[in-house]
Amino acid sequence: MLSRLGRFFVLSTSYIANYGYADGSGEYYVSIDSEKCNACGECIPACPMHIFQVEEDDYGDMAAVVKESHRKSLKYVCAPCKPTSGVRNLPCQKACKPGAIVHSW
Ligand code: SF4
Ligand code: SF4
């Protein structure tokens with residue numbers, strides 16, 4: 001069961017926050033599963049581009065989010081971590097022990 005609530009997709013009991021955009025070349029989203037995210041903050045120093053911060057989400061829970069300033073340029077911001085297309089063993093994902101971070105490209 002999948003429904004949309006603002007920028008969140010509601011999948012069963014999980015709230016998936018999707019940050020990013022689509023353009024003519026593809027879809028560039030970093031998704032954070034708020035049910036898995038425990039707000040540990042490990043993704044913050046792991047990301048060389050400093051795109052994450054932990055703050056209160058729309059549901060009043062502390063969770064990682066992608067900073068507003070990076071949401072419209074993720075294709076380029078993340079390019080050094082993945083010079084060719086395809087989801088790799090990315091620094092952000094390696095740091096996130098609960099596996100809350102997913103990239104769409
Ligand atoms: S792929 Fe690299 S730059 Fe992009 S969010 Fe992950 S660690 Fe940060
Ligand atoms: S490392 Fe994972 S669990 Fe920890 S704050 Fe970042 S997204 Fe959340």
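Q: Hi! Which residue in β6 is the bridge partner of Phe52?
A: In this predicted model, Phe52 has Val66 as its bridge partner in β6.

Q: Nice. Do those strands run parallel or antiparallel, and over how many bridges?
A: Antiparallel: β5, residues 52-56, pairs with β6, residues 62-66, over five bridges.

Q: And what sits between the two strands of that hairpin?
A: Five residues, and Gly60 in this hairpin has a positive phi near 85°.

Q: Where are they?
A: Ala39 is in the loop that links β4 (26-33) to α1 (43-46), while His50 belongs to the loop between α1 and β5.

Q: Is Ala39 buried, exposed or partly exposed, and why?
A: Partly exposed, because 15 other C-beta atoms lie within 10 Å, between the cut-offs of 12 or fewer for exposed and 20 or more for buried. His50 is partly exposed too, with 13 such atoms within 10 Å.

Q: Switching topic: what surrounds ligand 1?
A: Its surroundings include Val30, Met49, Ile51 and Leu90, along with Cys47, Cys78, Cys81 and Cys92. By class, that shell has 12 nonpolar residues, with no polar and no charged ones.

Q: How many residues surround ligand 2, and which are closest?
A: There are 15, the closest being Cys37, Cys40, Cys43, Ala64 and Cys96.

How values were computed
Residues are numbered from 1 along each chain as its sequence is written. Chains are lettered from A and ligands numbered from 1 in the order in which they are written. This is a predicted model: local features need pLDDT of at least 70, side-chain atom pairs count only at pLDDT 80 or more; totals for chains, interfaces and linings use all residues. A residue is near a molecule or strand if its C-beta atom, placed from the backbone, lies within 6 Å of it. Ala, Val, Leu, Ile, Met, Phe, Trp, Tyr, Cys and Pro count as nonpolar, Asp, Glu, Lys and Arg as charged, and the others, Gly among them, as polar. Two strands pair if DSSP finds at least two bridges between them. Helices (H or I, at least four residues) and strands (E, at least two) are DSSP runs, numbered from the N terminus.
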